[in-house]
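The entries follow the structure shown here.

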Amino acid sequence: YIKNYITFFHKQKLHNLLFHSDGREKVSYDTLMFFKLIKFIIKIFISVVVLASAYIGYLYIQSPTVMTRIAAMMMGEATGELETIRAGDTALLNSGFPKNISDESIEEAIEFSRSMDSHALLIYHNDEIILEKYFNDHNAETISDSQSMHKTVLAMMIGIAIDEGIIESVNESASKYLIEWKDDSRNLITIKHLLQQSSGLDYPEFSFHPLSEFNQLMLGEDVTKMTLLQPAYRKPNELFEYNGVNPQNLGLLLQRAYGKRYADLLSEKLWQKIAQDDASVVLDSKENKMPRTYCCLNATARDWLRIGIIMLNEGQFKEKQIVPKSWIKEMKKPSITNPNYGYLTWLGTVHQQNRIYNPKSTATGFHAEPFDDKDIIYLDGFGGQRVYVIPSKELVIVRTGAGQMEWDDSVLPNTISRGLN
């Protein structure tokens with residue numbers, strides 16, 4: 001009886017929707033069903049938005065700093081407090097015109113850089129800038145996010161500290177400064193192991209989840225805590241594993257060795273002596289004020305060129321020895337666990353079409369063909385931020401710009417090198 005009543009009720013309701021009392025049709029059945037479907041879709045959409053908002057709210061409550069910085073990153077803004085690295089009154093670089101190089105190779109390099117949405121392409125040859133090209137609305141004052149190119153600068157700073165006697169040697173146990181390691185297997189890790197990315201320390205695997213260890217390290221408010229939490233999960237010198245934990249520990253070690261802030265050290269020991277413009281590092285928070293030394297040294301393309309010139313001239317800039325010559329040579333020596341890696345610096349010793357960073361990641365550096373010049377050294381920042389140095393050709397190439405997952409490391413250095421007469 002109840003079933004029949006409900007059936008009758010719904011039929012009557014449907015009839016009233018479709019017809020007037022005199023039997024004339026109000027709206028077609030198909031039209032009515034279409035509007036019902038739209039209404040259903042809207043309800044589903046609203047439900048999804050509500051659930052997503054609730055989940056985002058939950059994540060924000062759990063980690064407001066990370067969630068805020070994810071939003072900032074999506075909007076192209078800084079993902080932390082910035083601390084200024086002061087430049088000094090340094091000499092300008094010589095500028096000239098492309099000589100002893102084909103016009104075709106210059107045009108090919110420019111077109112490749114343009115296709116990769118670059119901000120800047122600089123070429124330095126025989127002690128002068130022969131090309132300084134900026135794209136779209138970018139110019140000489142544009143500061144690009146250089147990603148992991150900072151690692152090589154950090155290696156230079158370690159060399160300066162050893163030269164000044166602040167650190168004894170690369171073979172010194174890192175636990176002398178990172179005292180949290182003294183009572184476990186991490187006391188076997190030397191400074192050299194950290195420089196060569198072969199420490200055996202564990203590191204967070206890439207994850208999209210906002211509350212993951214990876215995002216706490218990359219975007220969290222206490223990078224020191226996250227770094228020092230990583231245990232040793234294999235013996236030192238067992239495997240090359242490129243990651244952010246090793247250089248972050250080196251940055252902390254450097255601060256503790258000197259008893260000074262990293263930004264002040266970088267300014268005093270390096271930036272004031274070579275740079276034309278102020279730069280900045282990204283801090284984890286106002287409270288902890290620890291810079292992320294595995295990445296995020298924001299500087300102009302011109303000043304990245306100056307870093308490349310130091311590598312080219314074995315530590316000298318404008319006839320002044322800024323970084324010890326012997327240290328630059330050590331930085332360029334292939335490590336035991338990876339012939340293409342020195343001290344936080346990439347080398348072109350052996351061709352790998354897909355250069356592996358670490359076994360936890362599927363990301364690789366693509367090389368369509370071998371480097372023509374086997375003495376090439378380069379700084380590698382995520383998405384094609386690069387400084388290529390070829391000592392045998394007295395050549396430095398800088399590219400900064402939008403991140404490109406399809407970046408081919410062989411194109412710019414080989415194109416320019418082949419164009420030299």
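This is a predicted model: local features need pLDDT of at least 70, side-chain atom pairs count only at pLDDT 80 or more; totals for chains, interfaces and linings use all residues.

I first looked up the cover of α11: eleven of its twelve residues are buried (under 20% relative accessible area, with exposed over 50% and partly exposed in between; 1.4 Å probe, protein chains only). Residues are numbered from 1 along each chain as its sequence is written, and side-chain values use heavy atoms, without hydrogens and water.

I noted that α11 covers residues 301–312 and reaches 16 Å from first C-alpha to last; helices are DSSP runs (H or I, at least four residues), and strands are E runs of at least two, numbered from the N terminus.

I then checked Trp304, which is among the buried residues of α11. Leaving aside neighbours within four places in sequence, tryptophan 304 contacts Ser146, Met149, His150 and Val153, among others (contact: heavy atoms within 4.5 Å).

I counted 24 salt bridges (a side-chain nitrogen of Lys or Arg within 4 Å of a carboxyl oxygen of Asp or Glu). Just after α11, glutamate 314 has a positive phi of about 55°, and its side chain meets that of lysine 325 in a salt bridge at 3.6 Å, N to O. The pair links α12 (residues 325–331) to the loop between α11 and β7 (316–317).

I also recorded arginine 386 with aspartate 380, at 3.0 Å, N to O. Arginine 386 is buried at 3% relative accessible area, and aspartate 380 is buried at 5%.

Terms used
The expected span of a helix is 1.5 Å times one less than its number of residues.
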